[in-house]
Amino acid sequence: MSKNITPSITIFLIFLGLIRFDSFPSLEAATGTLASVPGAYVFGDSLVDAGNNNYLAISISKANYPHNGVDFPGSIATGRFCNGKNAADAIAEKFGLPLPPPYLSLKGIFKEKERKAAALTGVNFASGGAGIFNGSDQQLRQSIPLSYQVNNWLAIHKELTSQLEPSETQIHLSKSLFFVVIGSNDIFDYFGSFKLRQKTNPQQYTQSMADKLKEQLKRLHDTGARRFLIIGVAQIGCTPGQRAENSMHECDQEANTWASLYNEALVKMLQQLKKELGSSMIYSYFDNFKSVHDIVTNPARYGFADVTSACCGTGELNAELPCLLVSNLCSDRTKYLFWDRYGHPTEAAARTIVDLMLSDDSQYSSPLTLTQLVSS
């Protein structure tokens, strides 16, 4: 693991391993009729942040400047760490829902109408740089950690219950999707902190991550959440930025090892939580690590031309600096796996992975695919 990773910067990591469905006739993107999902509520980090960090006055973990958003409608840099829409947006669109707006954009007396509408159809609580723990970024007011995101959900829950009868609220929440993408930043915080490494070993730390996440999932469940889509941590050692740190442009295998270790703890935790909560909880775990491994190992098979470089950046692998207005911008964003040096996926990548979640191919999803989750 590189020694010069700073927690406030290396928060932006790989989210998605990708498949191009047109390369596989047997794998059809989920374009048919999907089960009704009344609302989509998003929790996580920069991989699904829709612009919450724009409202954090002193945060530098923002993407509200070009070339970010170059392919978003109107070419607007909304705060998404992407050239266009992210995976949370793609999921909402698949179910015919509006894009879940960032929670902080709904605050204030003049936003009551928008807040009431979003409470019913979905809200995005994710924050670039966020972790399961209240890490250094939160202390420096750089991001909104998961526990605070759940606190914000409680405010939206109150808004929702003010509009619906108790029985309607129960039905609405039981059919809605709670989407959680988080964990990478906690791993990098651990390796960036000598104090943390002195206190606990990697196995203990990753287990504590899973335990803490369990607490937050139970808090959501206590409010009526029943359907959870949980994304594992990907091969965080294979971002363009990580590859550019060595002359052979190889992945950082140590970083990948600890991501895998966390995912093992996460899978076991979810199985245990399901046993505890029984039929009142159903979930789909998406194996992001395996997805990234497959696309990186054989990119041509999946329809991508470049799986090592950033689409937007400068220098070696376009990964020496973040994506800025003065950065080099690739001409065909659909051929790139990564948008920037931190490993954020392009919009094409995000849409492809969502199709994979919805497909009948269950090699990446357990115990249910996303389609099965919303249909159960």
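Start by selecting His67: this residue is buried, with a relative accessible area of 15% (buried means under 20%, exposed over 50%, partly exposed in between, using a 1.4 Å probe and protein chains only). What you have open is a predicted model, where local features need pLDDT of at least 70 and side-chain atom pairs count only at 80 or more, while totals for chains, interfaces and linings use all residues. Residues are numbered from 1 along each chain as its sequence is written, and side-chain values use heavy atoms, with hydrogens and water left out.

His67 sits in the loop between strand S1 (40-44) and helix H1 (87-94); helices (H or I, at least four residues) and strands (E, at least two) are DSSP runs, numbered from the N terminus. Leaving aside neighbours within four places in sequence, show its contacts (heavy atoms within 4.5 Å): Cys312, Cys323, Leu324, Leu325, Ser327, Leu329 and Trp339.

Next, pick Val326, in the loop between strand S6 (312-313) and strand S7 (328-329). Val326 counts as exposed because its relative accessibility is 72%.

Now jump to Leu213 and Leu217, the residues with the most contacts inside the largest nonpolar core, which has 51 residues (a core is a set of buried Ala, Val, Leu, Ile, Met, Phe, Trp, Tyr and Cys residues joined through side-chain atoms within 4.5 Å). Helix H10 (residues 253-277) gives the largest share of this core, ten residues.

Last stop: residues 1-32, where pLDDT (the predictor's confidence in each residue, from 0 to 100) stays under 50. Where pLDDT is low, the predicted coordinates should not be read in detail. The chain averages 89, and 90% of the residues score at least 70.
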